[in-house]
Every structure is written in structure tokens, then in C-alpha cells.
Amino acid sequence: MNKVRCGAAVAVAAAALIVVSAPAGAEPAAATYAGSTSVGVHNAYEKDKYPYFADALDSGAALLELDVWTNGFGSSWRVSHSNPLGSNSNCVNASRASDLRTKDRNQDLGGCLADMRAWHDAHPGHRPILVKVEMKDGFNAKGGRGPAEFDALVRRQLGDAVYGPGDLTAGHATPDEAAQAGGWPDRSALAGKFLIELIPGTVEEKNPLDHLWTDVEYATHLKDLAAQGQLARSTAFPAVHGAAPGDPRERYQDRALRPWFVVFDGDAATYLKDGIDTAWYDTRHYLLVMTDAHKVPPEIDGTRPTEAAALARVGQLAAAHASFATADWYPLPSVLRTVQPRGGA
């Protein structure tokens with residue numbers, strides 16, 4: 001049994017003690033953003049999880065996921081799981097808090113961002129929320145939906161409510177240098193902020209004609225912005241997608257892109273297998289998103305496990321150095337509000 005798995009077993013046994021000794025959602029003392037483990041909801045824009053995106057924002061979850069389509073069969077950034085032609089979402093394009101549950105749903109990414117802003121204005125000092133955006137079919141720069149247009153849309157809707165790569169990198173050459181120097185702020189300093197993670201989409205990754213995936217395209221965009229002294233315009237952190245041993249950034253042939261990745265995202269069960277040193281991410285202060293938390297053996301229910309089982313799983317992944325444990329646990333708000341010390345400290 002490797003050290004990660006051994007530590008995970010200890011965390012499972014201790015998880016009940018953790019929840020008894022601290023209220024759900026309690027912040028670890030003086031925790032940095034990279035030094036904590038919290039919980040996220042997969043595809044939080046779906047109406048069968050939350051009638052309105054405001055409900056997802058109210059849930060206490062530290063990570064909320066959106067799926068976005070950009071192909072030329074529509075003019076907008078569509079938010080949908082499986083319909084590439086139109087939005088199917090719980091977002092309403094709110095102008096103010098009173099709109100959040102009154103306007104028509106099925107709005108696009110701009111509408112979801114507008115809801116975030118309206119909710120943000122009504123909840124000053126809210127918990128930091130990582131918005132994970134899966135670009136289902138990648139960017140479409142030729143169609144006016146490339147990285148620069150993404151940044152412009154996010155800045156237009158969220159303004160200074162976004163904590164982006166320029167904020168982390170301030171005073172350093174790259175996000176990697178900043179992260180390793182302990183550049184992530186305390187969680188309290190990120191109160192009232194949204195962070196955005198970008199991952200390549202399932203359609204993009206399976207498209208043999210797509211040779212420029214979201215991760216490379218946005219990392220290149222960041223590198224170019226930095227060269228122009230314009231990194232403050234950026235809004236998102238591209239993630240290395242897929243659990244793998246060693247430094248997964250070595251997959252990028254252009255070595256100059258590697259320091260622009262400080263977020264990693266993949267299957268929790270794979271990360272916990274022998275051969276993957278998850279402490280490597282923690283000691284370098286990289287963010288590690290572990291998905292499908294319920295599928296780590298022994299599997300638990302992906303939607304409605306007992307609260308004790310879900311909390312034990314969060315504790316297990318915290319011990320395994322996850323920054324976020326994600327599943328479809330939307331019926332368990334007390335679990336979604338949980339924040340634990342990363343590494344099981």
C-alpha cells in the first residue's frame with residue numbers, strides 16, 4: 001500500500017471526528033487557497049440539480065462547473081451538456097439580484113456570468129468560487145469566440161470580481177514561479193472573488209481534426225499577453241486535463257507553455273492509484289481538482305450518499321492532497337460547504 005492510500009485510509013476513519021469538531025464550511029485557520037480542500041458540483045448549470053444558477057451559487061459549493069459550446073452553428077457561447085446548437089441552462093441573465101429567479105432560463109455563458117455578478121453584488125465577501133468551464137468543442141477564434149473574446153466577455157460581466165493569472169503572477173515571471181513561491185492568497189483575501197478554470201472538452205478531445213485544444217490555446221494566449229505587458233487582461237487558469245504520473249505538463253512540446261499551468265484536473269480514482277505522487281502538487285502549491293470523487297474504491301453514491309460517507313470521502317481526498325473534490329452531491333449542502341486542510345494536516 002503506498003503512502004497516499006495509507007493516508008487516505010486514516011482520513012476515512014477520522015472524517016467523522018472532523019465534522020464533529022468543526023461546523024460544516026468552517027475555514028481552516030489562516031489557510032491559503034492552495035492549502036485547503038473544498039467541494040464542487042459537476043455541471044451545476046443543469047436544471048435537474050438547481051432550478052436556477054443562483055441556487056448553485058447559494059449552495060456553498062466551492063467549485064461550480066459550466067459546459068460551453070462555440071461552434072459556428074450559433075452566434076453565442078452556448079451553455080449546454082449535449083446540445084451544441086443552443087443553450088439549455090438554469091442561467092437567466094440577471095441584471096440585479098431580484099432577477100435571479102424570475103427571468104427566462106436557457107441563457108448562454110454571458111447570462112451565467114451576469115447571474116454571477118448579480119449574486120456577487122448581493123453577497124459581498126462571499127466565499128471564493130472556482131468556476132470550471134469545460135469548452136466542449138474548444139475555442140472558435142475564427143468565429144469570434146477565442147481566448148481574447150472570452151476574456152473580454154468575462155471582464156465585461158464580472159469586472160474586478162475575477163481573480164486571474166495576472167493577480168497571481170504579480171511580481172513573478174509566470175504562474176508557476178508565483179505558485180511555488182507561495183503566491184496564492186489566504187482564503188480570506190479571496191473573499192468576494194471568482195476564479196475560472198478552463199479544460200478541453202470531451203468533443204474537442206475526440207475530434208481528430210482539432211489540433212489546438214483549449215489548454216494549449218489559452219496558455220499560448222497567456223504567454224503572449226505577458227510578453228505584451230497585458231497579463232492583467234486575462235481571466236482564466238488553463239488546466240492540465242487528465243491524471244498522469246510525474247509532471248503532466250511534459251506532454252506539451254513547447255516548453256515555454258509549461259510554466260503557465262498551475263491547475264491540474266482529472267479523475268480522483270486515477271490520482272489515487274499507485275504511481276501518482278499527489279503530494280507533488282501540494283508541495284508546489286498547484287491546484288488539484290479531483291473529479292468523480294464517489295468512484296474512488298469503495299464507490300459511494302454519486303448523488304445522494306449519506307452525509308457521513310461523503311464527508312469521509314472528502315477527508316480521504318484531502319489527505320491525498322486534492323484542492324477540490326467534485327461529484328453530483330448537490331442534495332448535500334453541508335458537505336458542499338466543507339473546507340478542510342489540504343494534506344490532512
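The following legends describe close-up views of a predicted model.

The model is a prediction in which local features need pLDDT of at least 70 and side-chain atom pairs count only at pLDDT 80 or more, while totals for chains, interfaces and linings use all residues. Residues are numbered from 1 along each chain as its sequence is written, and side-chain values use heavy atoms, with hydrogens and water left out.

**Figure 1. Confidence along the protein chain.** The pLDDT is the predictor's confidence in each residue, on a scale from 0 to 100. The protein chain has a mean pLDDT of 92, and 91% of its residues reach 70 or more. Over residues 1–26 the pLDDT is below 50. Beyond near neighbours in sequence, this stretch has 30 contacts in the model, a contact being heavy atoms within 4.5 Å.

**Figure 2. The aromatic pair of Tyr50 and Tyr330.** Rings of Phe, Tyr and Trp (its six-membered ring) pair if their centres lie within 6.5 Å; planes under 30 degrees apart count as stacked, over 60 as edge-to-face and the rest as tilted. The structure holds 16 aromatic pairs. In one of them, the ring centres of Tyr50 and Tyr330 are 6.1 Å apart and the planes stand at 65°, so the pair is edge-to-face. This pair links distant parts of the chain, 280 residues apart: Tyr50 is in the loop between strand 1 (36–41) and helix 2 (53–58), and Tyr330 is in the loop between strand 9 (324–327) and helix 12 (333–336). Helices (H or I, at least four residues) and strands (E, at least two) are DSSP runs, numbered from the N terminus. Tyr50 counts as buried at 6% relative accessibility; buried means under 20% relative accessible area, exposed over 50%, and partly exposed in between (1.4 Å probe, protein chains only).

Figure 3. Phe264 belongs to strand 7 (residues 263–267) and Trp280 to helix 10 (residues 279–283), so the pair ties together parts that are 16 residues apart in sequence. Phe264 is buried, with a relative accessible area of 1%, and Trp280 is buried at 15%. Elsewhere, ring pairs join Tyr33, Tyr163, Trp184, Phe237 and Phe324 into a cluster. The charged end of Arg105 sits over the ring of Tyr52, 5.4 Å from its centre; this description applies if NZ of Lys or CZ of Arg is within 6 Å of the ring centre and within 35 degrees of the ring normal.

**Figure 4. The surroundings of Ser38.** Ser38 lies in strand 1 and is buried, with a relative accessible area of 2%. Leaving aside neighbours within four places in sequence, Ser38 is in contact with Ala62, Arg187, Ser323, Phe324, Ala325, Thr338 and Val339.

Figure 5. A salt bridge is a side-chain nitrogen of Lys or Arg within 4 Å of a carboxyl oxygen of Asp or Glu. The structure holds 14 salt bridges. Glu46 and Lys49 meet in a salt bridge through their side chains (2.5 Å, N to O). Glu46 is buried at 17% relative accessible area, and Lys49 is buried at 11%. A network of salt bridges links Glu46, Lys49 and Asp328. Another salt bridge joins the side chains of Asp265 and Lys132 (3.0 Å, N to O). This pair links distant parts of the chain, with Asp265 in strand 7 and Lys132 in strand 4 (residues 129–135), 133 residues apart. Asp265 counts as buried at 1% relative accessibility, as does Lys132 at 4%.

**Figure 6. Helix 3 and its covering elements.** Helix 3 has 14 residues and reaches 20 Å from its first C-alpha to its last, close to the 20 Å expected at 1.5 Å a residue; the expected span is 1.5 Å times one less than the number of residues. The helix is mostly covered, with 11 of its 14 residues buried. Among the buried residues are Leu109, Cys112, Leu113, Met116 and Trp119. Their cover includes helix 2, strand 2 (63–69), strand 3 (78–79), strand 4, helix 4 (147–158) and strand 5 (194–200). Within helix 3 (residues 109–122), Asp121 and Arg117 lie four residues apart, about one turn of the helix. Their side chains meet in a salt bridge (3.1 Å, N to O). Asp121 is partly exposed at 49% relative accessible area, and Arg117 is partly exposed at 24%.
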